[in-house]
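Subject: Structure for you to look at

Hello,

Here is the structure I said I would pass on. Please open it beside this email and follow along; my notes come after it.

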Amino acid sequence: AAVALVAALGAMGLIAARWYGGSSRESPRDAGRSPREETRADLGAILPERMPSSRDRLSIGVAELPAIRGAEVAPAVFWGLLHTEPEGQAVPFLASARPSLANGGVRPRDGGGLEVTWRLRGGLRWSDGRPLVADDFVFGLQVDGHHHAVDVRAPSPRTLVVAWDDAVTAAVESLRPLPRHVLAGAFSEGGDQAALEHLRRHPTPSAGPYRVVAFERDARLVLEANPHFAGPPPSIARVEVLRLAPEALVSRFEASEIDVIAPDVLTVEAARELLARRPDAVHIRPSNRQHFLQPDLSIPALARVEVRRALLMAIDRESLVSTLYGAEGRVSHAPVAGSVPPGVERYEHAPAAAAAVLRAAGVTSIDLTLSHGESVGERAMARLVAEDLAAAGMRITLRALGPQERRRLFRTGRHGGLLLH
């Protein structure tokens with residue numbers, strides 16, 4: 001039966017972790033296996049079992065499709081050293097183990113920081129059949145690096161060494177490779193942005209359970225099972241993503257022309273209307289997706305913590321989530337999903353107190369740009385935030401951004417005010 005997944009169901013769980021994998025369990029190590037056979041056996045034992053599917057095709061409706069990276073199905077394409085399961089467990093995928101002090105993969109550097117050594121599994125291949133080696137991770141960091149990674153090298157095809165300038169959590173988190181044999185030309189001609197643009201717009205060899213076989217910007221994206229995937233093969237062989245207007249998504253779903261409506265595409269009202277007609281097929285439930293405001297700290301007023309606290313108190317977040325998400329919405333008090341950790345300070349809606357703090361700080365009015373996404377839900381959220389901030393004396397200009405520009409401004413932190421992300 002077709003299923004519409006609407007409101008705020010986590011896309012990662014839908015795409016990356018539910019469609020791959022057979023129902024069999026492979027046997028433990030066998031000295032007679034090749035490195036690639038050993039890798040597949042290991043991953044068959046590590047990755048959780050998946051339910052087999054009787055269908056060979058799945059179609060998904062989305063509201064935005066500007067690029068391959070960032071698409072709802074991207075987590076099924078771009079895998080790295082580790083893979084995170086829906087339950088939050090990170091398991092070694094392209095890496096044979098997660099480095100630690102205990103296994104010798106992590107050691108302190110002279111002068112501070114860490115040196116982390118990753119060992120790749122044997123027989124890894126890109127979806128085009130070319131060998132996937134440690135140098136592809138070196139290239140990945142050259143193109144799309146981390147500001148705390150100060151050096152990276154590949155002493156051998158299966159060994160990656162990354163030096164970090166501090167003992168940061170990112171040092172033992174997953175890194176993703178990029179295919180040097182495909183992107184080196186774009187990188188040499190136009191640098192990292194040219195390589196990333198190629199990756200966004202063109203089918204490129206990948207390491208996940210699916211590979212991209214076709215992409216039409218703002219129209220269509222097609223995935224097929226990666227024939228060289230290191231783990232068990234996907235349960236569904238072909239996935240098609242179609243960009244449609246919200247009304248068309250609903251009508252085509254009800255006509256059985258698409259199988260899934262992606263999360264956060266419909267408004268809660270539209271989802272509830274569809275639920276009334278198709279109670280067997282619609283699921284509305286909270287997810288771990290959070291929305292937050294990033295302040296531009298180059299603006300003197302926003303660089304002051306008391307001003308940021310006052311702006312947070314000026315926003316009626318309980319009313320906002322109730323209006324947009326109903327009973328399913330939750331106010332975030334920490335940058336983690338679920339229960340609020342002990343010791344976290346809560347900032348409740350207190351407009352009078354917020355105004356008093358702003359007056360004491362000598363800030364009675366600021367011109368701020370509130371940048372936000374283009375979806376119906378994000379526009380509505382930005383409008384409600386702007387209304388509350390205007391009531392606190394702020395002069396707010398709303399600005400809608402496409403996904404790429406919003407990600408770029410988020411990385412730089414320079415957007416002239418607040419960025420809803």
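In this predicted model, the axes of helix H8 (residues 317–325) and helix H10 (residues 376–391) come within 11 Å and cross at roughly 150 degrees. That angle makes H8 roughly antiparallel to H10, because angles over 145 degrees are put in that class. The crossing of H8 and H10 is right-handed.

Which residues of the two helices meet? From H8 they are Leu320, Thr323, Leu324 and Tyr325, and from H10 they are Gly377, Ala380, Met381, Leu384 and Val385. By type, the residues of this contact are 7 nonpolar, 2 polar and no charged.

Next, the sheet. Its 4 strands are arranged in the order E5-E6-E8-E7, the sheet is open, and the pairing is antiparallel. Strand E5 (106–108) and strand E7 (149–156) are at the edges; each has a single partner strand, so one side of each has no neighbour in the sheet. On average, neighbouring strands of this sheet are turned by 20 degrees against each other, direction ignored.

E6 and strand E8 (residues 159–164) form an antiparallel pair with 6 bridges. To find this pair on your screen, look for Trp118, which stands opposite Leu160 in E8. Helix H3 (residues 134–143) lies across E7 and E8, and its direction is at about 160 degrees to that of E7.

Glu115 is part of strand E6 (residues 114–119). Is Glu115 buried or exposed? Its relative accessibility is 13%, so Glu115 counts as buried, the cut-off being under 20%. What does Glu115 contact, apart from neighbours within four places in sequence? The list is Gly105, Val106, Arg107, Arg109, Arg153, Val161, Val162 and Ala163.

The last item is His198, found in helix H4 (residues 180–201). His198 has a relative accessible area of 22% and is therefore partly exposed. Leaving out residues up to four places away in sequence, His198 touches Val182, Leu183 and Thr204. Val182 is 16 residues away from His198 along the chain, and the C-alpha atoms of the two are separated by 9.5 Å.

Regards

How values were computed
Residues are numbered from 1 along each chain as its sequence is written. This is a predicted model: local features need pLDDT of at least 70, side-chain atom pairs count only at pLDDT 80 or more; totals for chains, interfaces and linings use all residues. Side-chain values use heavy atoms; hydrogens and water are left out. Buried means under 20% relative accessible area, exposed over 50%, partly exposed in between (1.4 Å probe, protein chains only). Contact means heavy atoms within 4.5 Å. Two strands pair if DSSP finds at least two bridges between them. Axes are lines fitted to C-alpha atoms, for helices over the stretch in contact, and angles run from 0 to 180 degrees between N-to-C directions. Angles under 35 degrees count as roughly parallel, over 145 as roughly antiparallel, 65 to 115 as roughly perpendicular and the rest as oblique. A crossing is left-handed if the near helix is turned anticlockwise from the far one by less than a right angle, and right-handed if clockwise. Ala, Val, Leu, Ile, Met, Phe, Trp, Tyr, Cys and Pro count as nonpolar, Asp, Glu, Lys and Arg as charged, and the others, Gly among them, as polar.
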